[in-house]
Amino acid sequence: MGFYIVFVCIYLISIQNTCLGTENTTICSKHERLALLKFKQSVIDESRMMSSWVGNECCWWEGVRCDAATGNIVSLSLRGNTQGSYYSGPLSNYIDREDVGEHSYLVGDEVQSSLADLRRLKYLDLSGNKFEGARIPHFIGSFKQLSYLNLSNGGFHGIIPHHIRNLSKLKVLDLSSWQYPRLTVKDITWIFRLSLLEHLDLSGADLSGAQNWYKVLYMVPSLRKLSLSRCMLYNAKLSLSLNSSRAYSSIEHLDISSNFFNGRPPIFLRNITSLTFLDLSNSDLGLAWNLVDLLRFIPSLLELHLSNCQLLNNHLYPTRFNFSTRFNIQHLDLGTNSFEGRFPPLFKNMTSLKFLDLYGNYLNSSVPIMPNLLTLDISYNKFKHISHVGIWRQCNLKQLSVSSNLMEEEMIDQSTNMSICSQYALERLYLDRNQLNGSIPESIGRLTNLRVLDLSRNKLTNLIPEALGRLRSLKVLDISLNQIKGPIPTSLGRLASLQVLAVHTNLLTGEIPVSIGQLLKVKFLDFSSNYLEGTFFNAHLTNLSELKHLIISSRSILKFNVSHDWIPPFQLNVLSLSSCKIENGFPQWLKNQRNLKMLVLSNASMSGPPPSWLSKIPITGDINLSHNKLTGLLANLPLGHSPFKRFRDEYRGSELLLQNNLFSGSIPRSLCRTNLEFLDLSGNMLTGEIPNCVQKLKKLIGMVFSSNRLSGVIPSSIGQMSSLSWLHLNDNNFNGELPQSLRNLQDLNVLDVSNNKLSGKIPEWIAELVELNALRLHKNNFTGGIPRSLCTIFCLQILDVAHNRLKGSIPTCFRELPGMIENHNDYCGRYTYRGESMVQVLKGDAYEYTTTLKLLVNLDLSSNELDGRIPEMNLTKLLGLNLSHNHLSGSIPSSIGNMKALISLDLSGNKLTGMIPPSMADLTFLSHLNFSHNNLSGRIPSGNQLQTFTDLSIYSYNEYLCGFPLPKSCSNHKDPTTTTRKNKLEAADEPKKLWFYLDIMCGFATGFWGIIGVLLFKKSWRHNIFRFAEITIDRISMAGAAARVAR
């Protein structure tokens, strides 16, 4: 018996060895192995897709398969994943995905020609990589055995080589792409030689020059699936080119969406008798035809896409329609059209219908029961009542999307809307982006099959119901951006299938329950922007091996206390502990993380130098360590190692935010070796000059170096950073002039160099910065005048040149600065980056503007040496006007009352004269006013907002002002202006009066002495005059007596 057992053991071992030997008989060809290694060396593989490509046995390498008999490589699959690693859109997109958050692809200039040595290749997939700028290599045509070729979304461009026609065994060809520049096809006849081709996808290629593209429909008999979406095709010649009697029986799947088709659907479609899938989306089909006729023409159709086709209600209401007509259609997409009003009854009679998409229309009436329907999307319509949606009436529906409607009411409890369903099939429910209020009903717990529940972006209040803990199949729970209060219930820890939990931006209080640590499948946790408190321990995380995103912050005091030697079971993509109090110093467990795309530890109560290992961890996205008390040199941070070198996903760029710390030393040159898009080093103690190598930061859109101790001249190399939109160099010690190279920054939105030691004239070329929205030259040593060319900057909303040594007058064109006039710059978008701030003097004090900065319109020319008159102004958007402490003269322009948006006006410290214009009473938003230290006179206007200005200092040192609120009354008050004018006139008349009196005196002397002198010396003349007088008196007396006698 013992001998028998030994024999059996020997036999089994020999069998095993034989089997193992059989497996190992596939020996990798050295020639082909070297070809693969050359390819590996020609690309950048920072995601380690080819990390297993070591040793001699290439048949065991990842993505490589060999023929068991010959050892030749027959399959090479290196499919990349260029999808964004940050979540975007519904969080349900990330459930049941093994690669959630992963970001892996190869980068190369071309496909290495060594691959041509893989002569026996049958399967080649290089899709989803980044061979940007490369052309499809001609040697692809040498793979005579190839049956599958997929180069989609690989970054290829240029003409598709006709050598592909040599691949006579090809069954699948996918060259589709969403990227630019496009692949191009000039002549499509090479496809006709692929006699075995079953699947052809050229979506995104430019076929506008291929006059015979339509022949693909019938010249490849084996073709089953054809996708020509976004190929710039026209249907102008289709009716002439295609024989209406020809049958195209082989094609089952046809996608010709997003081309330039218009009018009726192409008539040739009725001849494709086997067609089950048709996509005509994004075509202008809004002419005389209807959906019923189309379905009659193609009775085999199971799936039809007509989204964004300019369809109206009449396309769903044929004049003659037999409601007994049966259709085979199962999937119908009519999204983004113009259907309005009542829900079309046509769909209720389509008993075969399982999927109906009416996204983005104008429907508003009750949805009927459609017993066989499984998926319904009525998002972005006009539904006002949740009862019209019929959540509790649709027994068999598995997915219901009602996002972004107009429902401003409470969620209706099932008990108020009698249900006919013994149980519900509903698996996905989207009610986000409405105005739903009140509580989440307890009856939601009856939907026991729910896998996705999205109630985000509503106005829900009260507590999270315990009933949610009964949804054991739930994988996504998103109740973020509401007003839900109270604690997070421990019952959520029973949701064993949960992969996404988002409760951020609510009013939640209390501690994060330790039961969260029981969510073994969770990948995404976001508790941020609540009022949570207490401590987050190891116990919350120890079992979460699938975790990819962890986002925790609090408006209250939330501590993050993880032991120093703890090793996490997960590899995170995103970690955000913003505004948490991190205890035990800088998190040591981070040094084991290898897949981080975002690290946010801002305002986390950290101090001292970051650990030395931080410079070695591969963070490939954003780093935010701002608002702490970190010290040391920037060179100790992860700047030139792996961070930022390759990362650039579809939705976000790379950010390095280190502002408001205590970092010292100079700006390291290693920063120049990154692909950063945003860099904020403000509020530190950095010294030295800006390195010239910053010109290498070609993708940088924001450079914020303000509030440091930087010195020297502003390097001209900044002018080569063509993507720059925000440049903040304020509050440093820069000197010299503004470099002329800055005129090249045509996308510049903000230029802030205030509080430095810059000198010279304000350059005229600033007007060439056509996108400039804010120009701040405050507190420097600029001289000369204000350039008139500033008036041509169309979008300028903030102009601050205060505290310089500018002379001359204010340009008259300032009366209509385009960016400060209502409705004059509607196209100007005032974009701010997250955390942007700017100090502006408004209402007499310096304020730091952040979230409201994009609304600020301010003109500050104060504390210069400007003279002349204030020009008439019509700046209707202007909020602040500060012309104080100059040498301006003349009167205040009457047009001041036209600037009705003004909230702050300071004209103090000038030489202004005249009266305050009555139009000032029209400034109803004015809250700060200063006219002091001028020579103003007359009555202070009254009425409206002016009555609220009771502070006497507003009008101080204007001797001749009177009226409220001054104690000087205007009743006995002489207008100094009038008095002065009168005195001037009188002074001018003094010489005339003198001559007048001299004339009188001379005349009197001449007349008096001319008569009296003669009588005095001529005695006979005296006697004659006296005698004449006596005779005259006697005659008068006699005449009077005769008159009395006569009466």
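Buried, as I use it here, means under 20% relative accessible area, with exposed over 50% and partly exposed in between (1.4 Å probe, protein chains only).

**Ground rules.** I'm looking at a predicted model, where local features need pLDDT of at least 70, side-chain atom pairs count only at pLDDT 80 or more, and totals for chains, interfaces and linings use all residues. Residues are numbered from 1 along each chain as its sequence is written, and side-chain values use heavy atoms, with hydrogens and water left out.

**Overview.** I find eight helices and 62 strands in the protein chain; these are DSSP runs numbered from the N terminus (helices H or I, at least four residues; strands E, at least two). Of its 1047 residues, 53% count as buried.

**Salt bridges.** I took a side-chain nitrogen of Lys or Arg within 4 Å of a carboxyl oxygen of Asp or Glu. The whole structure gives eight.

**Arg 79 and Asp 125.** Their side chains meet at 2.8 Å, N to O. Arg 79 sits in the loop between β2 (73–77) and β3 (123–125) and Asp 125 in strand β3, so the bridge ties together parts 46 residues apart in sequence. Arg 79 is partly exposed at 47%, while Asp 125 is buried at 1%.

**Arg 776 and its partners.** Asp 752 pairs with Arg 776, closest N and O atoms 3.6 Å apart. That links strand β46 (residues 750–752) to strand β48 (residues 774–776), with the two residues 24 apart. Asp 800 also bridges to Arg 776, at 3.3 Å. Here Asp 800 is in strand β50 (residues 798–800), again 24 residues from Arg 776. The shared partners join Asp 752, Arg 776 and Asp 800 into one network.

**How covered is that network?** I get Asp 752 buried at 1%, Arg 776 buried at 3% and Asp 800 buried at 1%.
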